[in-house]
Amino acid sequence: MNPIQRPRLCLGLLTTVLLVACPARAGLSGPILTSVFPMGAKQGTSVEVDYYGLNMEEPSGLYFSHPKISAELLPLDEKEKDKKKPRRFKVTVPPDVSVGDYDVRVICKRGISNARVFCVSDYEEAQEQEPNDSRAQATRIPMNSTANGCIRKGEDVDWFVFAAKAGQRVLIECRAMRIDSTLDGVMWLSDSSGKELAMSQDEEIRDEKRDPFIDFNVPADGDYSIKISDFIYDGGDNFFYRLSVTASVPYIDFILPNGAPPGSTTPITFYGRNLPDGEKTDLVIDGHPLQKVVRPITVPGGEAAMDLHSSDAVRPYTVSLDGMDVRLKGDAGSSNAKLLLFDSLPQFSEQESHNSPKQAQRLSVPCAVNGQFMKGDSDYYVFTAKKNDKFHINVIASRINSPADPEMEILNAAGKTLASPKDTPNFPDPLVNEANTRFLTETRDIYYLFTAPEDGDFTLRIEHLFREAHGGPHFTYRLQIEGEQRPDFRVITVPNHYRASQTHTLYQGGRERIDILCWRLRGFNEPVTIEARNLPPGVTAEPIIVAPGVFFASIVLTAAPDAPQFTGEVEFFGKAKVLGQDVVRKARSGEIVSLNVYEVVNRITRGTLLAVRDKAAVFLTAAPATSTVNKGDPITIKVTAVRREDMNSKAIQVHGMYYVGPPGMIFPTAKIEPGANETTLVLKTDKVNEGTYSLLINSDAQIQNGDSNGDYFFYPSNTITVTIQKK
């Protein structure tokens, strides 16, 4: 089961409590953005936006991931000042900003907040008007519009009403979890007499469950009502949603093929509802017929094909893929987006006659196959291999927003089962599970490295786990089989702490740690050098090395005591040799967007953000900066702390907690006593492989936070380079 699909059993209030209760920063608790409202605007319009959260004193602006979206801080009148009402912003979206989802953050005295989604549409926007707790108070919205709403308290329900004409096919969609909301929405549709016509909660057609969807054929002219609530009648400022009611806006259920070669123009078939010039098909989803339309899609080449250009929520398990959004434009506006992968493998469509081992579809490896799991379906593929040949077998479903849960068996020519790969655990390598809940790469999809035990044919049986109960044309998958001819890697910045949804704040005269995940693909195991670029004035970072066999490392940013204050994006790049060629990959960014006592929800954000503020409480230095030892010999590290004036009475713990060091290296714990400035750590190397490693020493201390007794925050040392050689 994918973590983002687990039942939510706890109250939303706990989300905010846990977001601020965990040590993760090198200064005061950072700004936490719970929500903005409204959560979107139409192209070429302006809207006044409220924000909700914590630790946002002295706001100065909003930061959008699209540079053309701007925000103006509006003044407070005297009544609003008396009520200590948060400041409001006027947000302007120029007409040339593309339809899609963008990140918005609040800039304030303490730094820059975590991200929330801000949506840009090309059809009418509306807002929930309170009170709308009953049918009689329902907020009226026009057809082909999106209403911004929020379940602000427990047991709250929101009502909307719209007019429709007989014969219209009306699509009612509630986007919540996909835009960083805690809402587990339930939606009811009724006619003007109050008769219930449809109800939706966790729809399988949804890119992610929890967001309801209703496909409705209007029987007669008149008014129709929608009621929305949370599944367990919870509520809060973070229970926001966007409700779309459309009859002339296309909706895409899936695309085939789901991949295309970089630098090509490929015909893609879109399957869905209310499609422009849509052709009828025999395909149905839950009794609702689908249309199709073919469009040529131009795929970028070169470096642009090594990126993930998606505006929809991208979860960590998708981050190693490359691709882009594709949409359709209808009479009233643009459709939802689907992810089209960039893939140079020769690709084929599955043959529907391959439902038994004897009918297995023969493949020429390497290749990619676009398939679908119909109800009760089992798909068989066969390929030839030589003894000891290695094959990376990848079954992609949830990573392209398919509801399919693939199951696979590998059989030899005699029909004996050689392997039964299951869901891919956290990070696609059985030896590495260190991301923990900071960056959940666990997926229902399958990744398996298969070594042929002999010459001959090998058969794959692939099916949906619950094939007897589920299936349909939208249960799409992509099967990739290849050797190690395409080794590669991706670099991702990941959260520093498994229980904090905050961005990076670097204090003058201090340091900030940026954790890096190096995702190694198809047998790649070369060292990767990570470097920072686009750093603000007064901020520096020494490059680090991610050694072979290592997947996690940390790069340290250092601010000069007089570094100017700054808020903006910084960039990180990985450099390595791939098949003898120099390759550079820009880092993608990951963040925790929601958490509570039961789950953590991550997604990819559009950039790694940094704020520089005044003034660091501790400046930690580890020495020597470089050292070489024989395997098994200890490494002695002297740790020195320069304290801010108010920190002399505080003890500083020195350790490796919440930091992923080289595999096998254990960091002891020491203490710099109040009034003292240094201590010593001894690192053992007997369980660490030979090689050159970049590492750091972590620490924490209690710092005064307003009128409270103080919070604990982490302070990283500088990067030190250690070479362990054969004894």
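F383, F391, F450 and F458 form one aromatic cluster in this predicted model. Over the whole structure, the search returned 13 aromatic pairs. One of them joins F383 and F458, whose rings are 6.4 Å apart centre to centre, with 40° between the planes. This pair is classed as tilted, because an angle under 30 degrees would count as stacked and one over 60 as edge-to-face. The two residues come from distant parts of the chain: F383 belongs to strand β31 (residues 378-385) and F458 to strand β36 (residues 456-464), with a separation of 75 residues. F383 has a relative accessible area of 0% and is therefore buried. F458 likewise counts as buried, at 0% relative accessibility.

Aromatic rings also take part in contacts with charged side chains. The charged end of R152 is placed over the ring of F37, at 5.1 Å from the ring centre. For K227, the charged end lies over the ring of W188, and the distance to the ring centre is 4.5 Å.

Side chains of opposite charge can pair when their charged atoms come close. A search for such contacts through the whole structure gave 43 salt bridges. R490 and D322 form one of these through their side chains, with an N to O distance of 2.6 Å. R490 is located in strand β38 (residues 488-494), whereas D322 is in the loop between β25 (308-309) and β26 (323-326); the pair thus links distant parts of the chain, 168 residues apart. R490 and D322 are both buried.

D322 also meets the side chain of R588 in a salt bridge, at 2.5 Å from N to O. Because D322 lies in the loop between β25 and β26 and R588 in strand β47 (residues 588-595), this contact ties together parts that are 266 residues apart in sequence. Both partners, D322 and R588, are buried. These residues belong to a network of salt bridges that links D322, D488, R490, R585 and R588.

A further salt bridge is formed by the side chains of D445 and R399, with 2.7 Å between N and O. D445 is in the loop between β34 (417-419) and β35 (446-451), and R399 is in the loop between β32 (390-396) and β33 (406-411), so the pair ties together parts 46 residues apart in sequence. D445 is buried, its relative accessible area being 0%. R399 has a relative accessible area of 7% and is therefore also buried, given that buried means under 20%.

Strands of a sheet pair through backbone hydrogen bonds, either parallel or antiparallel. Here four strands are arranged in the order β20-β22-β24-β23, with antiparallel pairing. P267 stands opposite P296 in β24.

Key:
Residues are numbered from 1 along each chain as its sequence is written. This is a predicted model: local features need pLDDT of at least 70, side-chain atom pairs count only at pLDDT 80 or more; totals for chains, interfaces and linings use all residues. Side-chain values use heavy atoms; hydrogens and water are left out. Rings of Phe, Tyr and Trp (its six-membered ring) pair if their centres lie within 6.5 Å; planes under 30 degrees apart count as stacked, over 60 as edge-to-face and the rest as tilted. Buried means under 20% relative accessible area, exposed over 50%, partly exposed in between (1.4 Å probe, protein chains only). A charge sits over a ring if NZ of Lys or CZ of Arg is within 6 Å of the ring centre and within 35 degrees of the ring normal. Two strands pair if DSSP finds at least two bridges between them. A salt bridge is a side-chain nitrogen of Lys or Arg within 4 Å of a carboxyl oxygen of Asp or Glu.
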